[in-house]
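Please keep the model open while reading this note. Each point can be checked against the structure shown here.

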Amino acid sequence: MSAPTIELSMIVKNGGSSLARCLQSARSIVDRIIIGDTGSTDDTAEIAKRFGATWMPIPWNEDFAEARNLVLQQATCDWILVLDADEMMDPEGAELLKKLVAKTEMDAFDVVRWNYVRQANSRSGAEGALANPRILPESAPFPAYVTTINTRLFRRNPEVRFERPVHETVVYRVQELGLPIGQATFVIHHFGLVDDDESVRDAKNALYLEINRRHFEAYPEDSRTAYELGWALLEFSKDPQAALDMLIRAVQLDESNMDAVILGGVCLLRMQRYDDAIQLLSHATARNVTSIVLYETIGDARLHLQQYEEAAHAYSTARRQGGATALILAKYGVCLIHLGKTQEGIEILREACSMEPKYPELLDIVIAGAVTMNELAFAAEIAKQRLELPGATDLHRSIAEYLEVEQK
């Protein structure tokens with residue numbers, strides 16, 4: 001019996017800067033590559049053809065599912081693997097994928113995606129960042145990644161198609177058809193958050209937000225759509241009140257939507273409604289939800305309320321769940337200082353600074369913690385570092401000058 005064939009299905013626009021990396025990583029495991037181009041003006045077509053891909057121009061109507069389905073209609077292989085130009089496979093994952101489809105009763109697989117980030121204290125929705133084990137040379141410069149899951153591998157089936165104009169997926173269609181879904185044993189590596197410059201990322205976020213708005217207007221009773229719009233309003237528009245309203249709507253539509261509860265807590269934290277944040281987030285802790293963002297947000301609210309023991313417990317929980325960022329560690333150290341564990345707290349602050357010495361918010365917290373315990377030499381040292389980083393103000397300069405005088 002011959003091995004099942006695998007087709008790489010992609011949509012791309014101006015992906016020339018990363019497309020070769022993606023295709024090189026997948027070419028050994030796929031039998032066919034087909035790329036739908038939604039309007040590139042760079043060398044995307046030339047790169048695609050150099051790798052033997054079938055390249056086809058497709059219309060762009062601000063609907064990612066529609067674009068992917070146009071490409072999917074041209075599929076000929078047994079299995080479909082979906083990648084974007086800013087993603088890639090690692091060698092071990094490629095081998096695992098081939099073994100996975102060689103003998104399985106499943107019709108689709110959910111695949112974990114590692115979204116690399118430049119700052120360890122990052123998140124994607126309710127998912128916090130995890131330390132980068134650097135199993136891939138291309139990922140070595142980045143301290144952490146945030147996981148997301150989507151159904152990226154499935155059998156070719158004319159009834160399986162993408163849905164939703166943004167954050168498109170086949171999973172709901174697969175579930176509707178009653179097809180069995182497994183968990184893939186490989187991961188997809190995503191570099192979009194670190195490859196894009198700020199202007200490109202802002203343009204993408206603005207597009208996603210507008211598509212989300214239109215989709216919610218069309219489907220106002222869909223909890224997932226309300227959640228995604230709330231997420232976009234929080235992260236892209238920086239409007240916590242509008243985001244909170246939408247996230248509450250998502251929970252009203254589906255009480256099990258704990259991601260919406262957690263981001264609602266983040267909104268309340270940003271609005272300085274600390275007691276309300278804790279009360280809302282209690283719905284997630286009561287369900288034993290595992291989330292770095294959940295427990296860091298609880299810790300932040302407790303810290304602002306000067307409830308240091310409870311804050312320390314929340315930060316410890318976040319760290320046990322994989323939240324190894326310097327910022328969580330520093331806030332934990334500040335709690336210990338306020339709880340009388342001065343030396344341990346100061347050592348933790350030093351450790352946090354050594355982890356991410358160029359993170360402005362972290363240094364601000366460390367300076368405050370050191371000053372609280374009259375560790376003026378340490379505070380003066382960090383205050384000088386802070387002046388060299390973006391966002392330094394006259395206040396930072398005044399603090400640095402004051403500390404320099406005081407510690408002499």
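The points below go through strands, helices and cysteines in turn.

1. Basis. This is a predicted model, in which local features need pLDDT of at least 70 and side-chain atom pairs count only at pLDDT 80 or more, while totals for chains, interfaces and linings use all residues. Residues are numbered from 1 along each chain as its sequence is written, and side-chain values use heavy atoms, with hydrogens and water left out. Helices (H or I, at least four residues) and strands (E, at least two) are DSSP runs, numbered from the N terminus.

2. Strand E1. This strand is largely enclosed by the rest of the structure, because 7 of its 7 residues are buried. Buried means under 20% relative accessible area, exposed means over 50%, and partly exposed lies in between (1.4 Å probe, protein chains only). On one side of E1 the buried residues are Ile6, Leu8, Met10 and Val12, and on the other Glu7, Ser9 and Ile11, so both faces are covered.

3. Partners of E1. Two strands pair if DSSP finds at least two bridges between them. E1 pairs with strand E4 (residues 79-82) in the parallel sense over 4 bridges, and Glu7 stands opposite Ile80 in E4. The pairing of E1 with E2 is also parallel, over 6 bridges; here Val12 stands opposite Asp37 in E2.

4. Helix H1. Within H1 (residues 16-26), the buried residues are Gly16, Ser18, Leu19, Cys22, Leu23, Ser25 and Ala26. An α-helix has 3.6 residues a turn, so residues three or four places apart point the same way. The cover over the buried residues of H1 includes strand E1 (6-12), strand E2 (32-37), helix H2 (44-50), strand E5 (87-88) and helix H6 (192-195).

5. Strand E11. Of the 10 residues in E11 (residues 181-190), 7 are buried, and the strand is mostly covered. E11 pairs with E5 in the antiparallel sense over 2 bridges, with Glu87 opposite His190 in E11. E11 also pairs with strand E6 (residues 108-117), in the parallel sense and over 7 bridges. In that pairing, Arg113 stands opposite Ile188 in E11.

6. Arg173. Leaving aside neighbours within four places in sequence, Arg173 is in contact (heavy atoms within 4.5 Å) with Glu159, Val160, Arg161 and Glu163.

7. Helices H17 and H18. H17 (residues 376-387) and H18 (residues 394-406) pack at an angle of about 145°, with their axes 9 Å apart. Axes are lines fitted to C-alpha atoms, for helices over the stretch in contact, and angles run from 0 to 180 degrees between N-to-C directions. The contact is made by Leu376, Ala379, Ala380, Ala383, Lys384, Arg386 and Leu387 of H17 and by His396, Arg397, Ala400, Leu403, Glu404 and Glu406 of H18.

8. Cysteines. How many disulfides does a search of the whole structure find? The search finds 0 disulfides, a disulfide being a pair of cysteine sulfur atoms within 2.5 Å. For Cys77, the closest cysteine sulfur is in Cys22, 16 Å away, which is too far for a bond. Cys77 is buried, with a relative accessible area of 6%. Cys267 also counts as buried, at 0% relative accessibility.
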